[in-house]
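Here's a quick briefing to read alongside the model.

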Amino acid sequence: NIMATAYSALTSLLLEGNSKAATQQLADLSEGLQQLEPLNVQLMLQLAAPFARLAGGDASQLSITLGLVEKAQQLQPGNMQCVVEVALQQLMLDQPTAAIEGFEAALKLDELNMKAALGLTEAYLAAGRLEEAVQQLQFLPELLAASKAAGTLSIDASAAASGKTGFGFGGSSCRMAVNPAAVRRRSSRMSADDSLGNSFQLVAGRVSEVEQVQQEEPLLLYLRGMLAWKQGRQQDGLQQLQQFMELQLNSVEDLPYSLGLFVLMHASRMLGLLGMLLDSAGGDPRQPTDPPSPMLANCIRVLEMLSRYTHNHPE
């Protein structure tokens, strides 16, 4: 039974903290899919995505989940969900160069694919290509607002499974993936389309709407926070990253405990971020009478909240 194997792997990983057993069960799950559902692309994606986001950088587990989504992509080469998921998992495997190529390929297929555009920004940050990340981030709020107004945006709380419309892929020498003209063309078409109704009309660049989207989207906070952190503006970055973590956890608070919850939460990203912040905070106070770092206290609080879902995860 495929789903029974999936939940056995989830139990081994989260309740028993047994990464080795979970890896074996994931391998069994992959084999079962190949035998029983060899053409079921959607099931491959649905099962690979949550375990990839729970792997915590475990290369053995990620190689299995990546193998599943690569198989799905082979079956449906033009399926944007497959193309983007492969790139996302390459990024999780610390392969930012391959991920950038994947996201750029996705944007060539669909210049307004939001999930690919957001992933590309994160991959630029991971690769240290900060100037290109800055260029991407300049147009993210505007495009998010345009996509929401069109009713085509489907961004999850973690960004890993974010929406279905996004940025243009430009061919300039700086390889800027965002095409602001495409964003404005889309916004103009939306405003002219009576079928969308007044509630879906938007003029691109309206500051209030852009700011509202920026406040609502946890991933945008994460990307801006990571950029600030990597630029040496740690206080600015810390504020946005802490907001991101709280929004991320709040967004899944009322969801049923299921595989889908872990796609939305993206625990691996949260754990990686907490590790980065804890490393910067240091350990014990400098003096016995000094209070602990506020950042350290916040990280501990987030870890406690995260453990409500991940329980005995090895990380």
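A salt bridge here is a side-chain nitrogen of Lys or Arg within 4 Å of a carboxyl oxygen of Asp or Glu. Keep in mind that this is a predicted model. By that rule, the count comes to 6 salt bridges.

**Salt bridges**

- Arginine 301 and glutamate 246 meet through their side chains in a salt bridge, at 2.5 Å from N to O. That pair ties together distant parts of the chain, with arginine 301 in helix H15 (residues 294–310) and glutamate 246 in helix H12 (residues 234–251), 55 residues apart.
- Arginine 301 counts as partly exposed at 33% relative accessibility, and glutamate 246 is partly exposed too, at 31%.
- Glutamate 85 sits in helix H5 and arginine 53 in the loop between H3 and H4, 32 residues apart. Both glutamate 85 and arginine 53 are buried.
- Arginine 233 and aspartate 236 form another salt bridge, with the closest N and O atoms 3.4 Å apart.

**Helix H3**

- H3 covers residues 41–52, and its 12 residues should span 16 Å at 1.5 Å a residue; the end C-alpha atoms are 16 Å apart, which agrees.
- Because 10 of its 12 residues are buried, H3 is largely enclosed by the rest of the structure.
- Among the buried residues of H3 are Val41, Leu43, Met44 and Phe51.
- The cover over the buried residues of H3 includes helices H1 (2–15), H2 (19–36) and H14 (267–281).

Key
Residues are numbered from 1 along each chain as its sequence is written. This is a predicted model: local features need pLDDT of at least 70, side-chain atom pairs count only at pLDDT 80 or more; totals for chains, interfaces and linings use all residues. Side-chain values use heavy atoms; hydrogens and water are left out. Helices (H or I, at least four residues) and strands (E, at least two) are DSSP runs, numbered from the N terminus. The expected span of a helix is 1.5 Å times one less than its number of residues. Buried means under 20% relative accessible area, exposed over 50%, partly exposed in between (1.4 Å probe, protein chains only). Contact means heavy atoms within 4.5 Å.
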